[in-house]
Amino acid sequence: MDYISTRGSAPALNFEGVTLAGLASDGGLYIPREFPRFTAEEIAAMAGLPYAELAVRVMKPFVGDSLTEQTLRDLCQRAYGRFSHEAVTPLKQFDEHNWLLELFHGPTLAFKDVALQLLGRLFEEFLSRSEDRLTIVGATSGDTGSAAIDAVAGRDRVDIFMLHPKGRVSDVQRRQMTTVLAPNVHNIAIDGSFDDAQAMVKRMFGDTNMTGRFHISAVNSINWARLMAQVVYYFAAALQLGAPARKVAFSVPTGNFGDVFAGYVAAKMGLPIEQLIVATNVNDILHRALSDGDYSAGTVTPTAAPSMDIQVSSNFERLLFDCGGRDGAAMAEQMRGFESSRAMRLTNAQREGAAGLFTSIRADQSDMAQAMQWASEKCGEIIDPHTAIGLHAARASELPRSIPVVTLATAHPAKFPDAVERATGVRPSLPNRVGDLFEREERYSELPGDYDSVAEYVAEHATPSV
Ligand SMILES: *Cc1c(COP(=O)(O)O)cnc(C)c1O
């Protein structure tokens with residue numbers, strides 16, 4: 001299996017190469033040269049497999065000869081063995097039409113664990129072959145930081161530096177990062193906003209003083225391996241609901257378009273998906289793009305679903321590339337236009353290609369609260385604000401009643417206790433396995449909000465690459 005860049009000029013790489021590279025050198029994103037396809041018989045034969053084994057079947061064609069099947073199986077068993085539910089991603093019923101796929105049973109209570117627990121192990125495996133080291137640098141406003149830290153804590157050949165804006169992440173979110181005491185984990189609280197932290201990380205990627213000594217890498221959802229790991233749970237849910245004989249739809253609380261793009265990949269692989277509903281909050285660039293071709297960034301409005309408060313959705317480029325005829329030069333040109341004006345129009349081919357599978361629905365604060373109330377009062381289920389946006393969209397969609405709609409539950413409600421309590425009157429408590437979060441020792445450094453102090457700190461604490 002070989003991967004090409006959406007912008008056409010970076011070299012093609014194998015799976016090992018794209019996992020370690022993250023972003024392509026021409027600024028594009030890697031995508032398989034061709035999507036592998038399963039027959040209906042092959043899909044039917046996957047019913048009833050344990051999650052880790054299903055993951056091996058679904059991911060094997062993407063991995064190619066970068067890993068033996070046995071190594072892939074070991075990595076999947078260890079990654080998914082850390083989940084607190086035997087089913088890994090259990091499916092629950094709301095009513096005769098609506099279902100809930102719980103993706104938050106990993107160590108940090110958000111769906112990002114599904115992909116990052118595997119990615120941390122892939123890094124370790126591939127780095128050991130070249131005796132290289134990675135220095136992961138990231139900025140977080142919450143969920144990504146804790147999932148990435150948990151995924152690499154204590155692993156060989158990786159150091160992680162995670163910047164968070166001091167005093168501006170919730171106590172649960174901060175403690176999920178700062179109570180991880182492994183020596184390769186470095187939490188930094190900076191004076192400033194999330195955007196300041198993010199700008200410092202971007203600057204470090206372009207700082208030859210740093211990139212000359214350290215193999216600096218990122219763990220955001222531009223990494224192909226993350227998307228690949230997310231394809232698996234679309235198969236898991238659809239198989240339980242009768243695929244391949246029966247079609248299924250999914251409603252996906254969307255920010256960076258990584259999770260829902262994995263659903264698109266599942267459909268390309270032959271899974272019979274009727275529709276993918278892109279659920280957004282009031283930060284609705286994707287809703288505007290999918291409903292009338294207008295992809296233009298504004299300013300972020302903070303909401304109770306912070307992981308969806310985005311203006312630019314990096315993974316959308318993968319969809320535009322695939323639907324727009326896979327023309328790298330044209331894509332590079334279109335993205336150059338977007339990067340200079342922060343706005344672009346989708347081409348007709350892109351719009352028609354996307355319309356075949358996607359629809360979008362935007363939920364405001366009251367839609368979100370009502371969905372939480374409905375789940376609580378009618379089904380006894382407490383859901384988080386992100387999931388509630390997905391559920392609102394699922395219930396508002398006009399799909400035939402014969403098609404089951406699966407809403408992806410992307411975070412545990414206890415990560416957002418205030419918003420949940422406001423809407424439902426119920427304050428969700430942390431699951432037992434993390435119940436002592438507030439008693440654990442914290443460790444982090446505080447730095448002023450200037451780039452030089454952060455770069456100096458990283459240089460002092462990271463191990464140079466070979
Ligand atoms: C990251 C995240 C999302 C958005 O997922 P994308 O892949 O960026 O679209 C939604 N909900 C929660 C809870 C998240 O952490």
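**Aromatic pairs and a buried aspartate**

Analyst: Setting aside residues up to four places away in sequence, Asp-367 touches Arg-362 and His-392. This is a predicted model.

User: Where does Asp-367 lie?

Analyst: In helix α16, residues 365-379.

User: Is Asp-367 buried or exposed, and what is the nearest side chain of opposite charge?

Analyst: Asp-367 is buried, yet has no salt bridge. The nearest side chain of opposite charge is Arg-362, 6.4 Å away.

User: Switching to rings. How many aromatic pairs does the structure hold?

Analyst: It holds 16. One of them is Tyr-51 with Tyr-80, edge-to-face, with centres 5.1 Å apart and 75° between the planes.

User: Which parts of the chain does that pair link?

Analyst: Distant ones: Tyr-51 is in helix α3 (residues 51-63) and Tyr-80 in helix α4 (residues 69-81), 29 residues apart. Both Tyr-51 and Tyr-80 are buried.

User: And why is the pair of Phe-161 and Tyr-457 edge-to-face?

Analyst: The planes of Phe-161 and Tyr-457 stand at 90°, so the pair is edge-to-face; the ring centres are 6.4 Å apart. The cut-off for edge-to-face is over 60 degrees. This pair also links distant parts of the chain, 296 residues apart: Phe-161 sits in strand β6 (residues 158-165), Tyr-457 in helix α19 (residues 451-461).

User: Buried or exposed, those two?

Analyst: Phe-161 and Tyr-457 are both buried.

User: Which residues do ring pairs link into a cluster?

Analyst: Phe-257, Phe-261, Tyr-264, Tyr-295, Phe-316, Phe-338 and Phe-358.

User: What sits over the ring of Trp-374?

Analyst: The charged end of Arg-395, 3.8 Å from the ring centre.

Conventions: Residues numbered from 1 in each chain as written. Predicted model: local features only at pLDDT ≥ 70, side-chain atom pairs only at ≥ 80, totals over all residues. Heavy atoms only, no water. Phe/Tyr/Trp six-rings, centres within 6.5 Å; stacked < 30°, edge-to-face > 60°. Helix = DSSP H or I, 4+ residues; strand = E, 2+ residues; numbered from the N terminus. Buried < 20%, exposed > 50% of the residue type's maximum accessible area, 1.4 Å probe, protein only. Lys NZ or Arg CZ within 6 Å of the ring centre and 35° of its normal. Lys, Arg positive; Asp, Glu negative; His and termini not counted. Salt bridge = Lys/Arg side-chain N within 4 Å of Asp/Glu carboxyl O. Contact = heavy atoms within 4.5 Å.
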